[in-house]
Amino acid sequence: MIPSEIIGQLGQLEMSSRPYSLPPAAFCWSEVPANRILTCLAVLLFLFNIRNIFSLFPHMIYSLRSARGQVDLEYNVSISRLRNHIALVFFLPFCLLADRFNLFPADFRAALNPNLQCLVSAAAIALYLLFRSLCQALLRAFSPGRDESTALKRSLYSYIISICPIMLLSGALLPALGVGDSAVRIVLLCELGATLIVSYVRSFQILHVKSSSLLSFLYLCGLEFIPAAVLITAALVF
């Protein structure tokens, strides 16, 4: 048997007597209970309204093909109300998609409980729409006409209905093909950006029918560019 004095001279144990704590598991968006519940709710809302969604799309295509189509849509009260209802149905999946791929990159979201993070994206989108409506109300005196003003205010609903299914398909298909979240986020932002550009062009065309180019551009800045700039600035600051 080796004496204990010799063992002590051979060296000493440097390992900690306490076991090391395991690193925290990586955040998985789909494992958050609130996200699961809201996703199921979004799917149910889509299934309950799928017939109305498909019946509305021909009118959406017509309204997006020309500026006049967007104004004519407001004359049809039943279709206009259905469009507003379907836009509300797509609001929840759009917010979930924005939260899943961090389309509104506010740093303080990381400090929140994962069950509450989706509310940040929803609040950001809701505040943008509210601020946009406020700008439209302030610019009412410079609006080209009642029908054109209503079409400008609600045109964003039509574009949300048109682009949201495409973004949802991209958000589901690309990760399944092995594309990383950062690349998917770029694709979604490009799709959203292209849609906004088309929206701005159509809005300018609606304005230009009864207003000069300069007045149409200034009205467009107040209605679209300023709310978008406020949203982007809020994301960068917070």
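Predicted model: local features only at pLDDT ≥ 70, side-chain atom pairs only at ≥ 80, totals over all residues.

Residues are numbered from 1 along each chain as its sequence is written, and side-chain values use heavy atoms, with hydrogens and water left out.

**Confidence**

- The mean pLDDT of the chain is 82, and 86% of the residues score at least 70.
- Over residues 20–26, pLDDT stays under 50. For these residues the model has zero contacts beyond four places in sequence, a contact being heavy atoms within 4.5 Å.

**Overall architecture**

- The chain contains nine helices and zero strands. Helices (H or I, at least four residues) and strands (E, at least two) are DSSP runs, numbered from the N terminus.
- Read from the N terminus, the order of elements is α-α-α-α-α-α-α-α-α.
- Of the 238 residues in the chain, 37% are buried. Buried means under 20% relative accessible area, exposed means over 50%, and partly exposed lies in between (1.4 Å probe, protein chains only).
- Contacts between residues at least 6 apart in sequence join residues at least 24 apart in 71% of cases.
- The chain has an accessible surface of about 14500 Å², and carbon and sulfur atoms account for 70% of that surface. Accessible areas come from the Shrake-Rupley method with a 1.4 Å probe; for residues, only the protein chains shown count as cover.

**Nonpolar cores**

- The largest nonpolar core has 26 residues, and those with the most contacts inside it are L56, I86, F90, I161, M167 and L188. A nonpolar core is a set of buried Ala, Val, Leu, Ile, Met, Phe, Trp, Tyr and Cys residues joined through side-chain atoms within 4.5 Å.
- At least two residues of this core come from each of α3 (50–65), α5 (77–100), α6 (114–138), α7 (146–176) and α8 (181–208). Helix α5 supplies the largest share, nine residues.
- L188 is in contact with L97, F101, L103, M167, S170 and G171, leaving aside its neighbours within four places in sequence.
- Another core, of twelve residues, lies apart from the largest one and includes I206, Y219, L223 and A228.

**Nonpolar surface patch**

- V43, L44, F46, L47, F48, I50 and F54 form a nonpolar patch on the surface, with about 700 Å² of accessible area together. Patches are made of residues with over 30% relative accessible area and no salt bridge: like charges are joined within 9 Å, nonpolar side chains (Val, Leu, Ile, Met, Phe, Trp, Tyr) within 5 Å.
- Helices α2 (33–48) and α3 each supply at least two residues of the patch, and the largest share, five residues, comes from α2.
- V43 is found in helix α2 and is partly exposed, with a relative accessible area of 43%.

**Salt bridges**

- The count of salt bridges comes to five. A salt bridge is a side-chain nitrogen of Lys or Arg within 4 Å of a carboxyl oxygen of Asp or Glu.
- R154 is partly exposed, at 28% relative accessibility.
- E224 and R132 meet in a salt bridge through their side chains (2.7 Å, N to O). E224 lies in helix α9 (residues 213–237) and R132 in helix α6, so the pair ties together parts that are 92 residues apart in sequence. Both E224 and R132 are buried.
- E74, R83 and R154 belong to one network, joined by salt bridges that share partners.

**Backbone at N102**

- N102 is found in the loop between α5 and α6 and is partly exposed, at 28% relative accessibility.
- The phi of N102 is near 55°, a positive value in a residue other than glycine. Most residues other than glycine have a negative phi.

Technical notes. pLDDT = per-residue confidence, 0-100.
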